[in-house]
Amino acid sequence: MKTYLVTGGAGFIGSNFIHYMFQKYGDDIRIINLDKLTYAGNLENLKSVEDRENYAFVKADICDWEAVNRIFQENDIDRVVHFAAESHVDRSIKDPEVFVKTNVLGTLVMLNGAKAAWELPDGTFKEGKKFLHVSTDEVYGSLDEDGGYFYETTPYAPHSPYSASKASSDMLVKSYMDTYKFPANITNCSNNYGPYQFPEKLIPLIINNALQGKKLPVYGDGKNVRDWLYVEDHAKGIDMVMEKGRLFETYNIGGHNEKQNIEIIHIILNTLREMLPEGDGRRKLVKDSLITYVEDRKGHDRRYAIAPDKIKKEVGWLPDTRFEDGIRRTIQWFFENEEWMKNVTSGNYQKYYEEMYQI
Ligand code: NAD
Ligand code: DAU
C-alpha cells in the first residue's frame, strides 16, 4: 500500500485531489494531509473522508522543519504531492512576504524532508519514491492575444510576486533533480475551477455575488484570457504523472479552453438563470447590469494558454470535462453547499472583500 503525503490538502485543489484519490483507489492507499489551515484551508472540504482509517490530518506549517521531518521519520512516505502554497495573485500584490516564506522556503523544507528520508548512503534514492511539485502556468509570464502557447520549454518570465515565488519553488525542485537526481516531477497547470474553490477567485466570487445581486467586479477591460480546467481533470493529471511521468520531467496541464474573463461572467450569469428553478427568489437578482468594471490588477497578465501536447503524448492524459458541463457541475455544487459558502464568507472574508473592492 502506497502512502501519500499531500501538503495543502485542505485547500481547493488539494481537497479535490484527496477525494479523487479515495474514489479511485479506496482502501489501497493511505493519505496523510499536512496543512497549516490558513484562511484558504478548510477541513469542511474533507468531512466525508475524515473518519477513514487510511486518512490522517496533521496541522502544521510546511516551513516548520521539525514537524515536516517528524512526518517523514514516523511514516514510510512513498509519494509527496506538494500543493501547499499561498495561491492568490491579488494577495501577493499587497503582501508578498508570506508568498516567499511559504512557497519558496516551505518547498525547500519539503524537499529536504523527502531527501533525508529517501536518500541511501551511496547518494541514490530508494526505489519507487516520488515528489510531485504542483505548479502553475503563471511562471511562463503572459502571451499575446493573437497567438502562441506555453510549452515546457518556454522560458520562465513571472510577473506577480505569486508567480515569482512559484517560479522560485520550481527552480528549487529542478535544482534538486539536477544536483542530487532527486526523484521528482513538476506539473504546471492552468486555471482550475470546481467545488470547494475559495470565493476570492473569479468563478466562485462571481457565482456567490450574482446569487446575492451584488456587483460583479471585472478588472480592466475584461478581455484577459485564462485557460480553464475542471479541477477533477487536474487531479487526474497529477495522479497520471505520478504513475507514468518520466522522472525529472516537467508536464504542462491544460485543456485548450481559453476564455476572456467577461465571457466567463456571461456564461455564469446565463447558466445561473437556466439552472435556478422557477419561483426561486434569486432568479431576479441575477442580472447583467451587476457587471462592474473596476481598476485593473497591477501587472495583469493578458493571456495564458497551455500546450498540453507532452502530457497527452507521454502520459496519455486528456481532460474529460467540457467547460459547459464543468461550470454546471460547479454551480450545482454551490447550490447544494450554501452553508459552506456562508461559513467561508463570514468574518475575515468580509474585511478582505471591503479592502479589495471599493464597489
Ligand atoms: P488554495 O489557496 O485553495 O489552498 C492552499 C492550501 O495550502 C490551503 O489549504 C492552505 O491552508 C495551505 N497552506 C498555505 N500555506 C501553508 C503552509 N505554510 N503550510 C501548510 N499549509 C499551507 O490553493 P489551490 O488553488 O488549491 O492551489 C494549490 C496549489 O496548486 C498551489 O501550489 C497553486 O500554486 C497550484 N495551482 C493552482 C491553480 C489554480 O487555479 N487554483 C492552478 C495551477 C496551480
Ligand atoms: O493560471 C493558474 C493560476 O490561476 C493559479 O496559479 C493561481 O493560484 C490561481 O489563483 C489562478 O490565478 P488567476 O489570477 O488567473 O485567477 P483569479 O481567479 O484570481 O483571476 C482570474 C482572472 O479574472 C484574472 O484575469 C483576473 C480576473 N478577475 C479576478 C477577480 C478575483 C477579475 O476580473 N475580477 C475579480 O474580482
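## Helix 6 and helix 10

Helix 6 and helix 10 cross in a right-handed sense. The model in which this crossing occurs is a predicted one. Helix 10 spans residues 323-336, and its axis lies 11 Å from that of helix 6, at an angle of about 55°. The two helices are therefore oblique to each other.

On the side of helix 6, the contact is formed by Ile 203, Pro 204, Ile 207 and Leu 211. Helix 10 contributes Phe 323, Ile 327, Thr 330, Ile 331, Phe 334 and Phe 335. By class, this contact of helix 6 with helix 10 comprises nine nonpolar residues, one polar residue and no charged residues.

## Helix 6 and helix 8

Helix 6 (residues 202-211) also packs against helix 8 (residues 261-275): their axes come within 10 Å and cross at roughly 45°. Helix 6 is thus oblique to helix 8. The crossing of this pair is right-handed.

From helix 6, the residues in contact are Leu 202, Ile 203, Ile 206, Ile 207, Ala 210 and Leu 211. They meet Asn 261, Ile 264, Ile 265, Ile 268, Leu 269 and Leu 272 of helix 8. The contact of helix 6 with helix 8 has 11 nonpolar residues, one polar residue and no charged residues.

## Nonpolar cores

The largest nonpolar core contains 72 residues. Which of its members touch the most other members? They are Ile 31, Val 81, Ile 203 and Leu 272. Ile 203 takes part in the contact of helix 6 with helix 8 and in that of helix 6 with helix 10.

Apart from its neighbours within four places in sequence, Leu 272 is in contact with Ile 207, Ala 210, Leu 211, Val 286, Ile 331 and Phe 335. A second, separate core has 26 residues, including Ile 32, Leu 34, Leu 111 and Phe 131.

## Helix 1 and helix 7

Helix 1 (residues 12-25) packs against helix 7 (residues 231-244) with the axes 9 Å apart and an angle of about 65° between them. Helix 1 is accordingly roughly perpendicular to helix 7. Their crossing is right-handed.

The residues of helix 1 in this contact are Phe 12, Ile 13, Asn 16, Phe 17, Tyr 20, Met 21, Lys 24 and Tyr 25. Those of helix 7 are Val 231, Glu 232, His 234, Ala 235, Lys 236, Ile 238, Asp 239 and Glu 243. The contact of helix 1 with helix 7 divides into nine nonpolar, two polar and five charged residues.

## Positive phi angles in loops

Tyr 196 is a residue other than glycine with a positive phi, near 70°. Tyr 196 is located in the loop that joins strand 7 (192-193) to helix 6. Is Tyr 196 buried or exposed? Its relative accessible area is 16%, so Tyr 196 is buried, the cut-off for that class being under 20%.

His 256, likewise not a glycine, has a positive phi of about 50°. The loop that holds His 256 runs between strand 11 (250-253) and strand 12 (258-260). With a relative accessibility of 41%, His 256 counts as partly exposed.

Methods: Residues are numbered from 1 along each chain as its sequence is written. Chains are lettered from A and ligands numbered from 1 in the order in which they are written. This is a predicted model: local features need pLDDT of at least 70, side-chain atom pairs count only at pLDDT 80 or more; totals for chains, interfaces and linings use all residues. Side-chain values use heavy atoms; hydrogens and water are left out. A nonpolar core is a set of buried Ala, Val, Leu, Ile, Met, Phe, Trp, Tyr and Cys residues joined through side-chain atoms within 4.5 Å. Buried means under 20% relative accessible area, exposed over 50%, partly exposed in between (1.4 Å probe, protein chains only). Contact means heavy atoms within 4.5 Å. Axes are lines fitted to C-alpha atoms, for helices over the stretch in contact, and angles run from 0 to 180 degrees between N-to-C directions. Helices (H or I, at least four residues) and strands (E, at least two) are DSSP runs, numbered from the N terminus. Angles under 35 degrees count as roughly parallel, over 145 as roughly antiparallel, 65 to 115 as roughly perpendicular and the rest as oblique. A crossing is left-handed if the near helix is turned anticlockwise from the far one by less than a right angle, and right-handed if clockwise. Ala, Val, Leu, Ile, Met, Phe, Trp, Tyr, Cys and Pro count as nonpolar, Asp, Glu, Lys and Arg as charged, and the others, Gly among them, as polar.
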